[in-house]
Amino acid sequence: MALHFFNLTSTQKLIFKSQTMPFYRLLNTYAYFFTFAIVILTNNLSYAQDSLKNLPEYRRPLTDKKLVIAHCMTNIIRFEGHELEDSCNPDYYSPTGNISASLGGLTQVKVMADSILSNASLDETVEFEMRAAIRSGIDGFQFYYVLGAPDWDNIIKAYFRVADKKHIDFKFTFCISHPNGSTEGRKVAEFAKRINGVMDEVGHNNSHWLRTPDGRLIVYQWLGESLADIPADKKGLPDAFYIARAYKHLANAVHENFACVFTINEEISKQKLDSFLDYFPATWIWTLPYSDTEYIGNMVAAECKLRERTFTGSVFCDFYTSKLLRKGTWDMYHTVQGAVNAGTNNVERKYITTGLSYNFRKLCEFAIKQDAPIMNIITWNDYPEGHHLAPEINHNDGFSILLNYYKGLFTGKPGALAGKDVAIVFFKKYRHDVKPDPFNIPVVPFQKEVITPSSEDSIEVITMLKSNAGLNVNGNNAAMPRGFSITRFPMQNGPVNITITRNNETVIHLVTPEGITDKPYRSDRITYSFSSEFNNFYKNLYGGFKPIYSHEYNPGFPKDYKR
């Protein structure tokens, strides 16, 4: 049964190919079929005993130092001949003058580097991405890795190639993501063929691989359970065993030992969590927002500590989809034409209330409190879901500056912000109860909301001060202490004007390029942020790069713009 594909017809075809193809291609063909056969055979053999449960290696450290690792959408990258996908393509940002005008503009994010990278080589682009990520406080990427996308491997190889050539200290690994369809054997064989192709080129011993101190390759999962075939007769074994076995097969096929970090995308039960912890050394949580009393991370971190497993912290700054989805589903319109054809009455955007910077701050603080060895950033560049840190005209540098601050606490190594006066502002472009007109596309929460929408109806200012100072925000005064402080002010129309004074001298003055409105023309719940470090953050980031600005609700821009 396991070798069913080696029937007479297939053999005849293979012999025929052997007579007509070059020798090196013949070897590749036989190698693929051999790997596939071994995987199928192995998967159909029942284990005499559960040999994967509670292995000693599951208790070993994941890292020997604190790291910030970002989930990177491998294919969301701009270089010559390779445009950004439609849901973050700046051609569809404007409400007029493009095919998506009937939607008020498909995309609600605008990638700063699109124009400069449109003529860049792949190597130039990945260098930009790494340098921008490092400036944001990120130490490496875990690459979103799916079936059926072999061209993405060239992008991953380019990251290694440029990191080696330019001596960029950056780590990489794979995040096996929603491997649905087909059979376990076929899926493992495809992943193995591609991962071997990457590793054969860059080298197993390449220093940029994200590895444990004992040499295991750290491999992330995102809804990765579907790699495994779960039999109808599980022989008394849990699903987690078969999932772990599938990843062991993949590890063997690429000549590696994996330290798998399984993902939690739900309010997982303790029983289910413990089942996974029997078979995996570490876990990470996806976009479940923070709550003092209801955050699932409390239970997960406590169980990991009890079971001597690694809890890795996860943080996300925002969640508002630039991509449009069919109403009531997660079925994304992958093309602008598809979204336009559906029309405004048949689409929606997904949302998680994050309380401006509240969720990001609290998740950073939680990871630090739990002494997590890795802080996972969700994400570097998933612009279509709106939780990106990469340079873009709404998030700007605000969350990156905040990450740099928390990274200093996380690692115990104060960064470039130490000894500086800094101000960061966060706001929404309009109150949560205001109805946009005419493009009022529904914005729908898709999981339990633990942060109130009204918490976003303010202007939030974070200050990091060398000593006490006075803060003025749109005419409202507050005395600010030395150190890190969060202050909220009432929303009012127009740009946000911030002045910080000390001893009758102005130490910070900024006016945001974007403004607040009570008459939004389209649904748009992405968080806007801006900081007094904006110029310094983007200065000399990459040759020829210049930041661009969002100013939809600031008619005075750029005349009254100050930074």
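This is a predicted model: local features need pLDDT of at least 70, side-chain atom pairs count only at pLDDT 80 or more; totals for chains, interfaces and linings use all residues.

Let's begin with Y220, which sits in strand β4, residues 217-222. Is Y220 buried or exposed? Its relative accessibility is 0%, and buried means under 20%, so Y220 counts as buried. Beyond its neighbours within four places in sequence, Y220 touches a list of residues that includes I69, Q142, F174, C175, W284 and N376. With N376 there is also a polar contact, side chain to side chain, at 2.7 Å. P231 is another matter: 11 residues separate it from Y220 in sequence, and the C-alpha atoms of the two are 24 Å apart in space.

| Strand order | Number of strands | Pairing |
|---|---|---|
| β17-β14-β12-β20 | four | antiparallel |
| β9-β10-β13 | three | mixed |

Take the open sheet of four strands, β17-β14-β12-β20. Its edges are β17 (483-489) and β20 (528-531); each has a single partner strand, so one side of each is left without a neighbour in the sheet. From one strand to the next, the twist averages 15°. How many bridges join β12 to β20? Four do, with β12 covering residues 422-427 and the two strands running antiparallel. Within β12 (residues 422-427), F426 stands opposite S529 of β20. Helix α12, residues 398-411, lies across β12, β14 (459-465), β17 and β20, and runs at about 130° to β12.

The open sheet of three strands goes β9-β10-β13. Its edge strands are β9 (325-326) and β13 (443-445), each with a single partner, so one side of each has no neighbour in the sheet. β9 pairs with β10, residues 347-351, in the antiparallel sense over two bridges, and R326 stands opposite V347 in β10.

Last comes the empty space. Rolling a probe the size of a water molecule over the atoms shows where such space is left. The structure holds one cavity of 30 Å³ or more, and the largest cavity takes in about 70 Å³. Which helices each supply at least two residues of its lining? They are α3 (114-117) and α4 (122-136). Among the residues lining the largest cavity are D114, L117, F128 and E129, along with I76, R78, Y383 and P391.

Definitions and conventions
Residues are numbered from 1 along each chain as its sequence is written. Side-chain values use heavy atoms; hydrogens and water are left out. Buried means under 20% relative accessible area, exposed over 50%, partly exposed in between (1.4 Å probe, protein chains only). Contact means heavy atoms within 4.5 Å. A polar contact is a pair of N or O atoms within 3.5 Å; within protein, one must be able to donate a hydrogen and the other to accept it, and residues adjacent in sequence count only if both atoms are side-chain atoms. Two strands pair if DSSP finds at least two bridges between them. Axes are lines fitted to C-alpha atoms, for helices over the stretch in contact, and angles run from 0 to 180 degrees between N-to-C directions. On a 1 Å grid over the protein atoms alone, a cavity is a set of points where a 1.4 Å probe fits but cannot get out, and a pocket is an open set with protein on both sides within 12 Å along at least five of seven lines; lining residues have an atom within 4 Å of a point. Grid points are joined across faces, edges and corners, and a volume is the space filled by probe spheres set on the points.
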